[in-house]
Amino acid sequence: IFFFYSIHLLHTADNAGQFFSSGHTNNWAVLVCTSRFWFNYRHVANTLSVYRSVKRLGIPDSHIVLMLADDMACNHRNPKPATVFSHKNMELNVYGDDVEVDYRGYEVTVENFLRVLTGRLPPSTPRSKRLLSDDRSNILIYLTGHGGNGFLKFQDSEEISNVELADAFEQMWQKRRYNELLFIIDTCQGASMYERFYSPNLMALASSQVGEDSLSHQPDLAIGVHLMDRYTFYLLEFLEDIHPASKTNMNDLFKVCPKSQCVSTPGHRTDLFLRDPGSVLITDFFGSVRKVEITMETINLTDPIKQVEQRKYSYVDQLPVSEIIHQKPKQKDWHPPDGFILGLWTLILLVFFKLYGMKHLKHIF
Amino acid sequence: FDTSAPETVDPSSVPQPKDDFQEELVIRPLHSGDIYASFQFRTVWETDFMRGNKVSHYRLFPKSLGQVISKFSVRELHISFTQGYWRTMQWGQPFQPSPPGAELWVWFQDSAECKVYAAGCVDGTWKELTNVLSGIFCASLNFIDSTNTVQPSASFKPLGIGNETDHRFLRYATLPREIVCTENLTPWKKLLPCGSKAGLAVLLKSEKLFHSSFHSQAVHIRPVCQDWQCKTTSWELRQTLNVVFDLHNSAQGKREWSLFKMFSRTLTEACPLASSSKIYIDITDNPQGEQFEVSPATPLLSQAVVLGDRRTFSVYDLTQQITFGTVRSLNLLIRWKSSEGDMLRPLLHAERYVAGYGLQTGEIHTLMYNNHPYRSFPVLLLDSVPWYLRLYIHTLTVTSKGKDNKPSYIHYQPSKDRLRPHLLEMLVQLPPNSVTEVTVQFERALLKWTEYTPDPNHGFYVGSSVISSLVPSIVAMDTNSTRERPLFSSFFPCKEESSYFVRVYTEPLLVNLPTPDFSMPYNVICLTCTVVAVGYGSLYNLLTRSFQIEEPSPGLAKRIANIIRKMRGVPPL
């Protein structure tokens with residue numbers, strides 16, 4: 001028995017060694033959809049399919065910051081409410097039954113996005129809206145929407161530029177808010193967004209090069225809009241084959257959606273990344289590392305409850321008409337004191353005649 | 001009062017505060033063919049969050065809400081998320097009324113840290129509370145700030161027990177634009193003791209619930225009497241979900257409803273943590289079974305006085321194994337045989353609309369209908385209008401049956417631009433069988449261009465008016481608040497027998513404000529820069545540039561020849 005126990009211990013020590021070789025201890029994901037209006041259904045579907053994959057591979061809701069700029073599922077134009085589909089003929093509902101959106105509607109702004117990344121949020125912000133990463137966190141950031149050469153449009157009213165994004169990542173690096181960061185963007189001319197990065201340990205993927213448009217995949221005739229973008233569609237298909245223990249690495253991710261399927265040329269950037277992409281597992285970013293410590297000892301919880309003094313309570317009247325009417329004293333119109341107006345005019349006349357002399361008196365009378 | 005640290009007591013000797021969980025579902029077939037289902041989940045906990053003790057062991061009561069109550073000194077909290085508008089004339093009165101969008105009203109406690117005279121203390125707590133709730137319910141409640149919060153002076157009296165009714169501790173806010181979807185239902189379901197795994201909550205599937213005419217989910221927290229003597233209080237948490245399924249959307253036009261058709265699930269067990277788990281089907285209009293037929297049949301019948309009327313219900317007790325029968329699952333079926341019978345007209349209902357034309361002025365009309373043939377009753381109208389609709393209160397008129405009807409109480413707080421909204425509260429006596437019309441004119445303000453939403457042409461919302469009233473009831477109401485009653489009849493406390501309290505919400509308004517063309521700054525910059533670059537630039541070049549003649553560069557042969565000549569020391573070509 002002791003022999004088998006020691007072998008089991010060695011085996012766990014082996015696993016523990018593998019456990020820490022990647023250098024990160026927790027995983028976070030920030031998934032942002034920046035487009036508003038019903039015809040941008042596909043951007044919400046993109047973000048939700050990445051959300052679904054990330055949740056399936058183990059990252060819990062408390063470690064995901066999901067930002068959706070508009071509501072497609074319960075939109076009045078949606079013929080099937082509470083659903084967002086990614087495949088035509090309504091095969092896959094990526095919205096599901098267990099979804100927690102942290103920033104929605106008008107809250108998805110450039111300012112809120114940058115505040116989430118850098119952690120400079122007002123003190124009353126709840127935990128579910130914060131990115132509480134530390135220097136051992138691997139963060140996945142996914143952006144989708146309409147973009148151009150060097151910018152990404154937020155909700156049709158503002159943009160974020162690639163310089164701002166690069167500076168935000170540098171702030172994160174200096175504040176030790178990430179260990180490694182994977183940045184994926186699915187917009188037109190997406191590669192321009194990662195041109196300006198200069199902080200270490202960043203890996204970036206984009207759906208199209210500068211000068212190219214990212215195209216959408218297929219429309220669904222019942223819903224009436226395009227359901228997904230091509231790059232994310234093939235990315236979703238790729239991720240559906242990944243399970244929490246799979247050993248696929250980043251080089252396979254770079255091969256997702258070649259030009260023949262995507263029409264645009266996906267790009268990637270790994271020069272700022274210290275490790276070799278071939279040794280980086282997909283689950284390092286899309287999955288989750290959890291440190292669980294099991295203990296067998298019992299912990300006693302004390303329960304101090306004091307007795308309350310005895311008082312008789314009663315319910316309140318919902319519409320106490322007499323109390324309400326007498327709440328305000330009766331309004332009386334205010335009149336100036338008697339003779340006030342007469343006195344005021346006398347004063348004015350006296351001052352007038354004093355200044356200009358009594359000869360004007362005959363003009364009045 | 002002793003506020004020293006609590007002494008550590010041996011846990012086995014101190015009795016654990018008792019907590020109790022009940023769940024119920026009421027199904028009421030409506031005359032239009034639709035069906036109304038109302039879920040209520042009630043947790044009662046005999047503990048006290050307020051008296052300086054830190055509560056650390058939570059069982060049935062959700063910890064997130066318990067921490068909210070103790071941290072923010074909340075005495076009562078009511079929050080509701082509604083999609084759709086309740087049609088009183090077709091559907092009657094709901095068990096728990098709610099306005100479209102999100103509504104939050106809170107009574108704060110007079111706590112040691114926050115005496116009401118410390119200016120802004122309750123406001124600061126309110127702001128933090130809305131932020132915390134926005135995280136708990138995944139809603140944009142952080143948009144609640146001083147521009148849409150009011151302090152009603154007479155409406156929204158506490159629904160729980162209490163003595164102080166100083167309205168400086170009350171805050172009320174609505175967000176009519178708030179969208180309700182699965183992301184709000186998910187955290188709501190997670191607050192239940194059994195989650196959505198057992199009991200009535202397994203029926204809460206979002207794909208069916210949101211494909212309905214009306215969906216409203218709410219959380220109500222208040223202190224209640226523990227027993228009839230009312231010497232001690234316990235905290236009550238009620239989670240309610242009201243949904244009206246449409247005949248044509250969900251039942252494909254056939255007037256036959258079942259649990260499977262409504263929720264795409266059947267019931268297999270009650271929540272093991274529940275002390276009572278019941279389904280009530282309203283069969284008052286069907287005493288001999290001539291209108292519709294309910295299967296499986298049940299011998300249990302119950303009568304309850306709710307909303308001023310005595311209703312009869314068939315009861316299915318899920319804690320009894322016999323309810324599930326041999327198939328071990330319960331799928332209630334309600335099949336219609338004939339469709340006659342008129343609905344009882346609701347005694348009070350209200351409408352609201354915007355009149356006028358153009359983008360400068362308008363008029364808000366609120367109509368309140370009293371359908372009682374001979375009794376008049378008072379109603380309290382609460383209107384909260386955002387600051388960008390500038391109300392002209394001197395044009396306020398209240399008319400009933402063509403004659404002026406002077407309200408016996410008016411409370412008006414004018415708005416301050418970008419700081420607070422208008423608040424208008426009036427106590428109006430509605431004459432029997434009449435329509436009372438309240439009109440007020442307003443002017444639309446021009447906002448600063450950064451204050452517009454990303455989709456300003458959608459319009460701006462004005463929250464629903466709230467009409468609270470004590471309506472005369474047909475049967476005597478039960479004023480004994482602690483007798484064992486079904487949950488749906490014990491929501492509003494009842495102080496007198498001849499009337500019951502009802503709250504009616506009007507429609508929210510959608511008004512267009514004068515909206516600028518947001519592309520104009522870009523157009524102006526482009527045009528100006530083009531004019532400057534082309535016009536001024538050309539002129540500048542013409543005036544300041546000097547022209548020189550330049551030799552064209554020599555060809556390749558000449559260049560080679562020049563190199564050779566340089567080597568020879570001869571001047572180039």
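Student: So helices (H or I, at least four residues) and strands (E, at least two) are DSSP runs, counted from the N terminus. Which strand is Arg171(B) found in?

Tutor: Strand β6 of chain B, residues 170–175. Before we go on: this is a predicted model, where local features need pLDDT of at least 70 and side-chain atom pairs count only at pLDDT 80 or more, while totals for chains, interfaces and linings use all residues. Residues are numbered from 1 along each chain as its sequence is written, chains are lettered from A and ligands numbered from 1 in the order in which they are written, and side-chain values use heavy atoms, leaving out hydrogens and water.

Student: Got it. Is Arg171(B) buried or exposed?

Tutor: Arg171(B) is buried, at 4% relative accessible area. Buried is under 20%, exposed over 50%, and partly exposed in between, with a 1.4 Å probe and protein chains only.

Student: What does the side chain of Arg171(B) reach?

Tutor: The backbone oxygen of Arg168(B), at 3.0 Å. Beyond four places in sequence, Arg171(B) also has contacts (heavy atoms within 4.5 Å) that include Trp105(B), Asp123(B) and Trp126(B).

Student: New topic. How many residues of chain A are in contact with chain B?

Tutor: 51 from chain A, against 79 from chain B. The buried area is about 5,900 Å², 55% of it from carbon and sulfur atoms; that's the accessible area (1.4 Å probe) the two parts lose on being put together, summed over both. Arg104(A), Tyr315(A) and Gln318(A) supply 16% of what chain A buries there, more than any other three residues.

Student: And how many salt bridges between chain A and chain B?

Tutor: Seven, counting a side-chain nitrogen of Lys or Arg within 4 Å of a carboxyl oxygen of Asp or Glu. One of them joins Glu100(A) and Lys190(B), with N to O at 2.9 Å.

Student: Which helix of chain A gives the most to the side that touches chain B?

Tutor: Helix α9, residues 321–325, with three residues.

Student: What about helix α5 of chain A, why is it largely enclosed?

Tutor: Because eight of its eleven residues (230–240) are buried. Among them are Tyr231(A), Phe233(A) and Leu236(A).

Student: Last one: where is Ser468(B) found?

Tutor: In strand β24 of chain B, residues 466–472. Ser468(B) is buried, with a relative accessible area of 2%. Its C-alpha is separated by 6.6 Å from that of Leu381(B), 87 residues apart along the chain. Ser468(B) also touches Leu319(A) from the other chain, and its contacts include Phe501(B) too.

Technical notes. A polar contact is a pair of N or O atoms within 3.5 Å; within protein, one must be able to donate a hydrogen and the other to accept it, and residues adjacent in sequence count only if both atoms are side-chain atoms.
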